[in-house]
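Open the model in your viewer and keep the selection panel at hand. The stops below go from one residue to the whole chain, and then to two ligand sites.

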Amino acid sequence: MPADSRIPRVLLFSVLFLFAVGCAAGQGQASQQTPVKSAPSASASATSAPSPEASQYVGAETCKTCHEDIYNAWQKTPHWKTTLNKEPSHQGCEGCHGPGAEHVAGGGDVTKIFNPAKHSAKEVDAKCLTCHADAHPNFDRSPHARANVGCISCHSVHQSKEEKLLKASQPALCFQCHADTKPAFNMPFHHKVNEGLITCSDCHDVHGTFLANNVKSTADQNAICTKCHTETRGPFVYEHVAVKAEGCLGCHTPHGSQNARLLNMPAIAPLCNQCHSGVANNTVHGMGAGSSETITCTNCHTYIHGSNMNAAFLR
Ligand code: HEC
Ligand code: HEC
Ligand code: HEC
Ligand code: HEC
Ligand code: HEC
Ligand code: HEC
Ligand code: HEC
Ligand code: HEC
Ligand code: HEC
Ligand code: HEC
C-alpha cells in the first residue's frame with residue numbers, strides 16, 4: 001500500500017516546489033519518482049543565497065515520503081518536539097539538515113542538502129548548538145571539542161536504544177576511547193561504575209566545565225563529591241584546612257584504589273605525614289601504647305574532614 005500512495009505524493013510535492021522556487025521549466029520534465037542525481041545547473045548558485053526564504057523549507061512530512069524509515073524512528077525521539085517550533089529553520093528534519101526544497105526538487109540531489117556525516121565535527125556541533133547552546137554553553141572549550149570529538153561521536157540522533165540518544169550506554173561508551181581508565185574501576189576498591197551504581201557523568205560533564213578534566217562542580221565551585229558525600233561538606237566550626245585548600249583529591253583518588261577508603265596513598269600515616277611530619281614524634285603521639293606507630297591517625301582523629309566539637313577532630 002505505502003508504495004502505491006508514495007509515488008503520486010512525491011510527484012505532487014516535487015511539482016509544487018519546482019513551481020515555488022521557479023526552476024527552469026525544462027527540468028520539470030525529469031521523472032521525479034526515480035531519484036536521480038541531477039547535473040549541476042544554473043540554479044546551483046542559489047545555495048549560497050544569504051537568507052533562506054521560508055519557502056525553501058518543506059517540512060518533515062515531505063522528507064517522510066522518501067525517507068520513511070528514518071522518519072518513523074526519528075518521530076519517537078524527543079526531537080519530534082521541534083515540529084512545534086514556529087520557525088521553519090528550526091523544525092523537524094530541516095532543523096539539522098537545512099532547507100530541503102532544492103534537494104527534493106532535484107529528486108534527492110545530495111549536493112543540495114546538509115549531510116552532517118560529510119562535514120567536520122565543528123560544523124556539526126555548530127548546528128546542534130543553534131538549539132543546545134543554553135544547556136551546553138561550555139562545549140567549545142571542552143577537551144572533547146578541542147580534540148574534535150563532537151556531538152555525534154557520542155549521540156545518535158535519528159534513533160537510539162539508550163537514554164539521551166547515546167550511541168552506547170555508559171560506561172561502555174566512554175571506555176571505547178578511554179580504555180586507559182578501565183583498570184582503575186577493576187581495582188579492589190572503586191566507585192561502582194561498572195556495577196551501575198553511579199555513572200561517569202555523575203562526576204564529569206563531558207560537555208565542558210570550568211574545572212580541569214571535565215570535572216563537574218557544585219554551585220560553590222567545589223568538586224562534585226559532596227553532592228553525594230554530604231557529611232564531608234561542612235561548613236565546620238573546625239575545618240581541616242587540607243579539605244578546603246586541596247579539595248577531596250588532596251587525599252583521595254576518584255576512580256579506584258588499593259585502599260578501602262580510596263586514599264591516594266596505601267596507608268594513612270604516610271598520607272598525613274606528607275603535611276604533618278613534625279607532629280607525630282611529639283607530645284601525645286610519641287607515647288608507647290598511644291603512639292601513632294601502632295594506632296592509625298584516624299582512630300583518634302576520627303572526624304578527619306572537620307568537626308564542630310574539637311579542633312583536633314577527635315570528636
Ligand atoms: C537532530 C539533528 C537531526 C535531525 C532532526 C535529523 N537528522 Fe538526519 N542526520 C543527522 C546526522 C547527525 C546525520 C549523520 C549520520 C548520523 O550521525 O546518523 C544524519 C544523516 C541523515 C541521512 C543520511 C543517511 C544516513 O542515515 O546516514 C539522511 C537521509 C537523513 N539524515 C535524513 C533525515 C530525515 C528524513 C530526518 C527527519 C525525519 C532527519 N534526518 C532528521 C542529524 C539529524
Ligand atoms: C523525492 C524523494 C526525496 C525527498 C522528498 C527527500 N529526499 Fe533526501 N534523499 C533522496 C535520495 C534519493 C537520496 C540519495 C540516497 C542515497 O544516496 O542513498 C537522499 C539523500 C539524503 C541525504 C544524504 C545526502 C548525502 O550527502 O548523501 C540527506 C541528509 C537527506 N536526503 C535528507 C532529506 C531531508 C531532510 C528531506 C526533507 C527536507 C529529504 N531528504 C527529502 C530523496 C529524497
Ligand atoms: C563524549 C561524549 C559526548 C559528547 C561529545 C556530547 N555528548 Fe551530549 N551527552 C553525553 C552523555 C553521556 C549524556 C548523558 C549524561 C549527561 O547529561 O551528561 C549527554 C546528554 C546530552 C543531552 C541531554 C542533557 C540533559 O541534561 O538532559 C543533550 C541535549 C546533549 N547531550 C547534547 C549534546 C550536544 C548538542 C553535543 C555537542 C555540542 C553533545 N551532547 C556532545 C555525551 C556526550
Ligand atoms: C532545531 C533545534 C534543535 C537542533 C538543531 C538539535 N536539537 Fe537536540 N533537541 C531539541 C529539542 C527541542 C529537544 C527536546 C528537549 C526536551 O525534551 O525538552 C532535543 C533533545 C536532544 C537530546 C536529549 C534527548 C533526551 O532523550 O533527552 C539530545 C541528546 C540532543 N537533542 C542532541 C542533539 C544533537 C547531537 C544535535 C545535532 C546533531 C541536536 N540535538 C540538534 C532541539 C534541537
Ligand atoms: C570518540 C572518543 C571519545 C568518547 C566516546 C569519549 N571521550 Fe572523553 N575524550 C576523548 C578525547 C580524544 C579527549 C581529549 C584528549 C584526552 O585528554 O584524552 C577526551 C577527554 C576527556 C576527559 C578530560 C581528560 C583530560 O585529560 O582533561 C574526560 C574526563 C573524558 N574525556 C571523559 C569521558 C567520558 C565520561 C565519556 C563517556 C560519557 C567520554 N569521555 C567519551 C575521546 C572520547
Ligand atoms: C566519583 C567521581 C568520578 C567518577 C564516577 C568518574 N570520574 Fe573520571 N575523574 C574524576 C576526577 C575528580 C578526576 C580528576 C583526577 C585528578 O585531577 O587527578 C577524573 C579524571 C578523569 C580523566 C582524566 C585523566 C585520568 O585520571 O585518567 C578521565 C579520562 C576520566 N576521569 C574518565 C572517566 C570515565 C571514563 C569514567 C567512567 C567510566 C569516570 N571518569 C568516572 C572523577 C570521577
Ligand atoms: C553520584 C554519587 C557519588 C559521587 C558524585 C561521589 N561518590 Fe564517592 N561514593 C558513592 C557511593 C555510592 C559509594 C559507596 C560505593 C560502594 O558501596 O562501594 C562511594 C564511596 C566512596 C568512598 C569510599 C567510602 C567507603 O566507605 O567505602 C570514598 C572515599 C569516596 N566515595 C570519595 C569520593 C570522592 C573523593 C568523590 C569526588 C571525586 C566522590 N566520592 C563522588 C557515591 C558518590
Ligand atoms: C586530609 C585528607 C583528606 C581529605 C582532604 C579528604 N578526605 Fe575523605 N577521608 C580521609 C581519610 C584518612 C579517610 C579514612 C577515614 C577512616 O578510615 O576512618 C577518609 C574517608 C572518607 C570517606 C569514607 C567515609 C568516612 O567518612 O570515613 C568518604 C566518603 C570521604 N572520605 C570523602 C571525602 C570527600 C568527599 C572529600 C572532599 C570534600 C574528602 N573525603 C577529603 C582523608 C581525607
Ligand atoms: C595536604 C596536606 C595535609 C594532609 C595530607 C593532612 N593535613 Fe591535617 N592539616 C593540614 C593543614 C594545612 C592544617 C592546618 C594546620 C595548622 O593550622 O597548623 C591541618 C590541621 C590538622 C589538624 C588540627 C591541627 C591543629 O593545630 O588544630 C589535625 C589534628 C590534622 N590536621 C590531622 C591530620 C591527619 C590525621 C591527617 C591524615 C589523615 C592529615 N591531617 C592530613 C594539612 C594536611
Ligand atoms: C592515640 C590517639 C592519637 C593518634 C593515633 C594520633 N593522634 Fe594526633 N593527636 C591526638 C591528641 C589527643 C592530640 C592533642 C589534641 C589536643 O591538643 O586537643 C593530637 C594532636 C594532633 C595534631 C595537632 C596538634 C599538634 O601536635 O600540632 C596533629 C596535626 C595530629 N595530632 C596529627 C596526627 C597524625 C598525622 C597522626 C598519625 C600519624 C596522629 N595525629 C595520630 C591523638 C592521636
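Why is Ser 89 classed as partly exposed? Select Ser 89 in this predicted model and count the C-beta atoms around its own: 15 others lie within 10 Å. A buried residue would need 20 or more, and an exposed one 12 or fewer, so Ser 89 falls in between, as partly exposed.

Ser 89 sits in the loop that runs between α3 (68-74) and α4 (94-97).

**Whole chain**

Next, select the protein chain and switch to a cartoon. The chain has 13 helices and four strands. Of its 315 residues, 17% are buried. Among contacts with a separation of 6 or more, 52% are between residues 24 or more positions apart.

Colour the chain by pLDDT. The mean is 82, and 77% of the residues reach 70 or more. Residues 1-51 have pLDDT below 50, and this stretch makes 44 contacts in the model beyond near neighbours in sequence. Then select residues 288-292, where pLDDT also stays under 50; here the model has eight contacts beyond four places in sequence.

**Ligand 8**

Select ligand 8 and display its surroundings. The shell holds 18 residues, and the closest are Cys 225, His 229, Ala 242, Cys 248 and Cys 251. Which helix gives the most to this shell? Highlight α11 (residues 241-246): this helix contributes three residues. Colouring the shell of ligand 8 by residue class gives eight nonpolar, eight polar and two charged residues.

**Ligand 9**

Move on to ligand 9, which has 19 residues around it. Those that come nearest are Val 241, Ala 242, Cys 272, Cys 275 and Cys 297.

At least two residues of the shell around ligand 9 come from each of α11, α12 (268-276) and α13 (297-300). The largest share belongs to α12, with six residues. By residue class, the shell of ligand 9 has twelve nonpolar, six polar and one charged.

Methods:
Residues are numbered from 1 along each chain as its sequence is written. Chains are lettered from A and ligands numbered from 1 in the order in which they are written. This is a predicted model: local features need pLDDT of at least 70, side-chain atom pairs count only at pLDDT 80 or more; totals for chains, interfaces and linings use all residues. A residue is near a molecule or strand if its C-beta atom, placed from the backbone, lies within 6 Å of it. Ala, Val, Leu, Ile, Met, Phe, Trp, Tyr, Cys and Pro count as nonpolar, Asp, Glu, Lys and Arg as charged, and the others, Gly among them, as polar. Two residues are in contact if their C-beta atoms, placed from the backbone, lie within 7 Å. pLDDT is the predictor's confidence in each residue, from 0 to 100.
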